[in-house]
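User: I would like to go through this protein with you. Could you take my questions one at a time?

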Amino acid sequence: MCIRDSSNTSDASFNREINLTVTNAQGCDTSWIESITVNPQVRAAFNVDDQEFCYPHATTFINSSQPAVPLNYHWNFGDGSSSTDENPVHAYKNYSHTNDQAFTVQLTATSEFGCDSSVTREITVHPKPLADFTYPVTADCPPFTVPLTNRSKGTDLNYAWDFDNGNTSTLQNPSVTFYNNGSSIIENQIQLIVTSAYLCGDTIIRPVQVYPDVTADFTAPLWNGCNPLHINFDGTATNEDEYYWYIDDLMFSNYEDAYYRFVNESSSDKTFAVRFMAQSAYGCSDDTMKMVTVYPKPVSYTHPDAADEEDSVDL
């Protein structure tokens, strides 16, 4: 016999005698004695390592059912799954990125005598946020400014950006500029960590590539002179593959060093804009512009009343 009071909270069964005496109106009586066995009371109980947690998490159940006699266990985890282990481990799921999910766990403990007991607990699984972001271009020339669009999912999120260049941000949609003064492509790993109010988090890393910076400059032995003016330009560049020389936006050479003959047929000074541009195989470029001034060439002029050639002058 199983009883559901505290009559037998020990680990062993015991016998109890029940004495029944019946007496009629005339004073006649009879007695009946019966011995019954009282089996140990089953008291189901358990604890969990954490009743509230972030998904994903493997929950460990610690069975503390009494008494210390052989018991059979049946766990109903409240999500359609079950177990008969004494101390099971169960992984709850919450595929929502915004809402909690609650589960009712029930443990039923049954003794070999058929005595049983049940107990329940609530488990809350907080959602795991989803970290995500996009940007318009994955590779470009420096200075490479990248506007970041945060597409993370979750509620009450905090953001931690690491741009892999010594800079960080906690803005939702920051912008970052990358540089590359070296001679090879640099790849920066942009990392975003999102964290909810329950400290549930997610991380995503996306790369950007920064091409080598191109620099261009040039020198000349002189920057002004009389018409016609002959100048050899000395171009210098870094990380370049192609060269372009322009006079007043008209290209005249593709060599690193260029020659040009400036002509000024007017009667006043004439200034020319000389531009040198270097470009890399990645399409990165730099240019420098400097000015060259050409003075007009003097012309001979003879006065109409001059008597001889000695009266002519150069203007």
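User: What percentage of the 315 residues of the protein count as buried?
Analyst: Of the 315 residues, 34% count as buried. Buried means under 20% relative accessible area, exposed means over 50%, and partly exposed lies in between, with a 1.4 Å probe and protein chains only. This is a predicted model, in which local features need pLDDT of at least 70 and side-chain atom pairs count only at pLDDT 80 or more, while totals for chains, interfaces and linings use all residues. Residues are numbered from 1 along each chain as its sequence is written, and side-chain values use heavy atoms, with hydrogens and water left out.

User: What is the radius of gyration of the protein, and what would a compact globule of 315 residues have?
Analyst: The protein has a radius of gyration of 47 Å, whereas a compact globule of 315 residues would have one near 20 Å. The radius is taken over C-alpha atoms, and the globule rule is 2.2 Å times the number of residues to the power 0.38. Along the principal axes, the C-alpha atoms fill a box of roughly 185 × 35 × 25 Å.

User: How many helices and strands are there?
Analyst: There are zero helices and 29 strands. Both are DSSP runs numbered from the N terminus: helices are H or I with at least four residues, and strands are E with at least two.

User: Among contacts between residues at least 6 apart in sequence, what share joins residues at least 24 apart?
Analyst: The share is 58%. Contact means heavy atoms within 4.5 Å.

User: Changing topic, how many positive and negative side chains does the protein have?
Analyst: It has 14 positive and 42 negative side chains, and the centres of the two sets lie 9 Å apart. Lys and Arg count as positive and Asp and Glu as negative, with His and the chain ends not counted. Each charge is placed at NZ of Lys, CZ of Arg, CG of Asp or CD of Glu.

User: Now the rings. How many aromatic pairs are there?
Analyst: The count comes to 26 aromatic pairs. Rings of Phe, Tyr and Trp (its six-membered ring) pair if their centres lie within 6.5 Å; planes under 30 degrees apart count as stacked, over 60 as edge-to-face and the rest as tilted. One of the pairs is formed by Phe144 and Phe178, which are tilted, at 6.5 Å centre to centre and 55 degrees between the planes.

User: Which parts does that pair tie together?
Analyst: Phe144 lies in strand 13 (residues 144-147) and Phe178 in strand 17 (residues 175-178), so the pair ties together parts that are 34 residues apart in sequence. Phe144 is buried at 4% relative accessibility, and Phe178 is buried at 1%.

User: What about Tyr260 and Phe262: how far apart are they, centre to centre?
Analyst: Tyr260 and Phe262 are 4.7 Å apart, centre to centre, in an edge-to-face pair with 65 degrees between the planes. Tyr260 is partly exposed at 25% relative accessibility, whereas Phe262 is buried at 0%. Both also belong to a cluster linked by ring pairs, together with Phe218, Trp223, Phe233, Tyr243, Trp245, Phe252, Phe272 and Phe276.

User: Back to strand 13. Which residues does Thr145 touch?
Analyst: Leaving aside residues up to four places away in sequence, Thr145 touches Ser175, Val176 and Thr177. Thr145 is in strand 13 and is partly exposed, with a relative accessible area of 45%. From Thr145 to Glu34 there are 111 residues in sequence and 93 Å in space, C-alpha to C-alpha.

User: What phi does Asp248 have?
Analyst: Asp248 has a positive phi of about 50 degrees, and Asp249 has a positive phi of about 70 degrees. Asp248 sits in the loop between strand 23 (242-247) and strand 24 (250-253), where Asp249 is also found. Asp248 is partly exposed at 38% relative accessibility, while Asp249 is exposed at 58%.
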